[in-house]
Amino acid sequence: MIRFTLVCDNGHEFDSWFASNESYEFQIDADLVACPHCNSVKVSKGVMAPAVARTDRGQKHVEPIKQSVALVSDSGGELRRLARELHEKIVASTVDVGEKFPDEARRIHGGEAPDRAIRGQASLEEARALIEDGVAIMPVPILPEKLG
Ligand SMILES: [Zn+2]
């Protein structure tokens, strides 16, 4: 038996057991699985959320941060060029504050430091805390050649 977390078109989440993945596919295709909350048969597998480690903010539920990624093939020269261009643009128009980024971003957000564009390093936890506090940050694109 496999348990899937399903979600209906009204956004209700519920767990359902299936004998196998094939059985799941068959029952979904045949509209045999209905949402227990609203009876909708338009259901699909929900996103499996990875477990989130507790933060220093106690029991508060925190949505996992996902980093958008793209597969850039050898023929993706144009995408590579755009990624490099964006990278260079960000580097050219921001001041590198390095490890001080989370503190400095918070100070700028709070009006305690002059408003300017900065870049630097933040851990996933620090990035999460900044976003939670409403500080608008964005990841700097990693150049494809650095991934190889
Ligand atoms: Zn429903």
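Which residue in β2 is the bridge partner of Leu6? The partner is Phe14, and this pair is a handy place to begin looking around. Please keep in mind that the model is predicted.

- Three strands make up an open sheet, arranged in the order β2-β1-β3 with antiparallel pairing.
- At the edges sit β2 and β3, each of which pairs on one side only.
- On average, neighbouring strands of this sheet are turned by 45° against each other, ignoring direction.
- The antiparallel strands β1 and β2 are joined by 6 bridges, and Leu6 with Phe14 is the pair from the opening question.

**The zinc site**
- Four residues coordinate the zinc ion: Cys8 and Cys35 through SG, His12 through ND1, and Cys38 through SG, at 2.0 to 2.4 Å.
- Along the chain, the donors of the zinc ion follow the spacing C-x3-H-x22-C-x2-C.
- The arrangement is tetrahedral because the 4 donor atoms around the zinc ion subtend angles of 102 to 114°.
- For orientation, the ideal angle at a metal with four tetrahedral donors is 109.5 degrees.
- Cys35 is buried, with 1% relative accessible area, whereas Cys38 is partly exposed at 30%.

**The nonpolar cores**
- The largest nonpolar core has 10 residues, including Phe4, Leu6, Cys8, Phe14, Tyr24, Ile28, Cys35 and Val43.
- β1 (2-8), β2 (13-18) and α1 each supply at least two residues of this core, and β1 gives the most, with 3 residues.
- Another core lies apart from it and has 8 residues, among them Val97, Ala105, Ala113 and Val135.

**The loop between α1 and β3**
- Lys42 is found in the loop between α1 (21-29) and β3 (43-45), and Asp31 and Asn39 have their places in this loop too.
- Lys42 is exposed, since its relative accessible area of 61% is over the 50% cut-off.
- Apart from its neighbours within four places in sequence, Lys42 is in contact with Val7, Cys8 and Asp9.
- Lys42 and Ile28 are 14 residues apart in sequence, while their C-alpha atoms are 8.1 Å apart in space.
- Asp31 has a positive phi, near 55°, in a residue other than glycine, and Asp31 counts as partly exposed at 43% relative accessibility.
- Asn39 is not a glycine either, yet its phi is positive at about 70°; Asn39 is exposed, with a relative accessible area of 61%.

**A look at Glu104**
- Glu104 has its place in helix α3 (residues 101-109).
- Is Glu104 buried or exposed? Glu104 is buried, because its relative accessible area is 12% and buried means under 20%.
- Not counting residues up to four places away in sequence, Glu104 touches Val97, Ala113, Arg116 and Ile118.

Definitions and conventions. Residues numbered from 1 in each chain as written. Predicted model: local features only at pLDDT ≥ 70, side-chain atom pairs only at ≥ 80, totals over all residues. Heavy atoms only, no water. Helix = DSSP H or I, 4+ residues; strand = E, 2+ residues; numbered from the N terminus. Buried < 20%, exposed > 50% of the residue type's maximum accessible area, 1.4 Å probe, protein only. Contact = heavy atoms within 4.5 Å. Core = buried A, V, L, I, M, F, W, Y, C linked by side-chain atoms within 4.5 Å. Pairing = 2+ DSSP bridges. Axes fitted to C-alpha atoms, helices over the stretch in contact; angles between N-to-C directions. Donors = N, O, S within 2.8 Å, 3.2 Å for Na, K, Ca; no water. Tetrahedral: all angles 85-135°; square planar, octahedral: opposite > 155°, others 65-115°.
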